[in-house]
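Have the viewer open and follow along.

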Amino acid sequence: MKEIERKFLVKDELLDVVKYLQSKKIRQGYISEIDGKTVRVRTKGEKGYLTIKGKSSGISRDEFEYEIPFEDANQLLQNFCPKVLEKERFDLIIGEKKWEIDIFHGKLEGLIIAELELESEDEAFELPGWIREEVSDDVQYYNSRLIEKA
């Protein structure tokens, strides 16, 4: 399966919007990263996931995600992930698209990234006024890099 995703830094005014939305707590770590390919484990709310992502080509990459038992995900995070990234995710629907707003915690406190998954790299979409700048091609904003600062 292909993941086509755009990432954006946002203005602080977005906090006034998301504070009324329900969120899910996310904890994630990386079991492996080799040549831009990753194996990630994540808990999101009360569910666990194992995700394999291929190397990025522009804003696209192969992605395979599988739900796993929550307790297994916690054990993998504890025993196989030297660092764990923590964030809170809010889903915000604008037009026909779901924006995922991630508010990071811990050493990344203050970082907010909005992500949008698309059907194609050239798909048109409405850009909300709270967008500050696009960082889709900036590897320092990949979660696999952000975790190094966590």
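## A word before we start

A cavity here is a set of grid points where a 1.4 Å probe fits but cannot get out, and a residue lines it if it has an atom within 4 Å of one of those points. Keep in mind that this is a predicted model.

## The enclosed space

How many cavities of 30 Å³ or more does the count come to? The answer is 1, and the largest cavity has a volume of about 100 Å³. Its lining is made up of Glu3, Glu5, Lys7, Ser56, Gly58, Ile59, Ser60, Arg61, Ser136 and Tyr142.

Which elements give two or more residues to that lining? They are β1 and β5, with β1 giving the most, 3 residues. Sorted by class, the cavity lining has 4 charged, 4 polar and 2 nonpolar residues. Two of the lining residues, Arg61 and Tyr142, also meet in another way: Arg61 lies over the face of Tyr142, 5.6 Å from the ring centre.

## The open pocket

Now for the open space. The largest pocket holds about 800 Å³ and has 34 residues in its lining. If you want to find its centre in the viewer, look for Glu3, Glu5, Lys53, Glu63 and Glu117, the lining residues that lie nearest to it.

The largest share comes from β1, with 5 residues. What is the lining like by class? It divides into 21 charged, 8 nonpolar and 5 polar residues. Glu3 and Glu5 turn up in the pocket lining and are also on the list for the cavity.

## The chain as a whole

Stepping back, the chain has 3 helices and 9 strands. Going along the sequence, they come in the order β-α-β-β-β-β-α-β-β-β-β-α. The radius of gyration is 15 Å, close to the 15 Å that the globule rule gives for 150 residues, so the chain is as compact as a globular protein of that length.

The C-alpha trace spans about 40 × 35 × 25 Å along its principal axes. Of the 150 residues in the chain, 45% are buried.

## Aromatic rings

A pair of aromatic rings is described by how far apart the centres are and by the angle of the planes. Searching the whole structure turns up 4 aromatic pairs. In one of them, Phe8 and Phe125 have ring centres 6.3 Å apart and planes at 70°; angles over 60 degrees count as edge-to-face, so this pair is edge-to-face. The two residues come from distant parts of the chain, 117 residues apart: Phe8 sits in strand β1 (residues 2-10), while Phe125 is in the loop between β8 (112-117) and β9 (131-134).

Trp99 belongs to strand β7 (residues 97-104), so its pairing with the β8-β9 loop ties together parts that are 26 residues apart in sequence. Trp99 counts as buried, at 0% relative accessibility. Ring pairs join Phe8, Trp99, Phe125 and Trp130 into a cluster.

## Two spots worth a click

Most residues other than glycine have a negative phi. Asp35 is not a glycine, yet has a positive phi of about 50°. You'll find Asp35 in the loop between β2 and β3, where Asp35 is exposed, with a relative accessible area of 58%.

Lys47 is in strand β4 and counts as partly exposed, at 41% relative accessibility. How far apart are the C-alpha atoms of Lys47 and Glu67? They are separated by 7.3 Å, although the two residues are 20 residues apart along the chain.

Note on methods: Residues numbered from 1 in each chain as written. Predicted model: local features only at pLDDT ≥ 70, side-chain atom pairs only at ≥ 80, totals over all residues. Heavy atoms only, no water. Phe/Tyr/Trp six-rings, centres within 6.5 Å; stacked < 30°, edge-to-face > 60°. Helix = DSSP H or I, 4+ residues; strand = E, 2+ residues; numbered from the N terminus. Buried < 20%, exposed > 50% of the residue type's maximum accessible area, 1.4 Å probe, protein only. Lys NZ or Arg CZ within 6 Å of the ring centre and 35° of its normal. 1 Å grid on protein atoms, 1.4 Å probe; cavity = no way out; pocket = protein on both sides within 12 Å on 5 of 7 lines; lining within 4 Å. Points joined across faces, edges and corners; volume = space filled by probe spheres on them. Nonpolar A, V, L, I, M, F, W, Y, C, P; charged D, E, K, R; others polar. Rg over C-alpha atoms; globule rule 2.2 N^0.38 Å.
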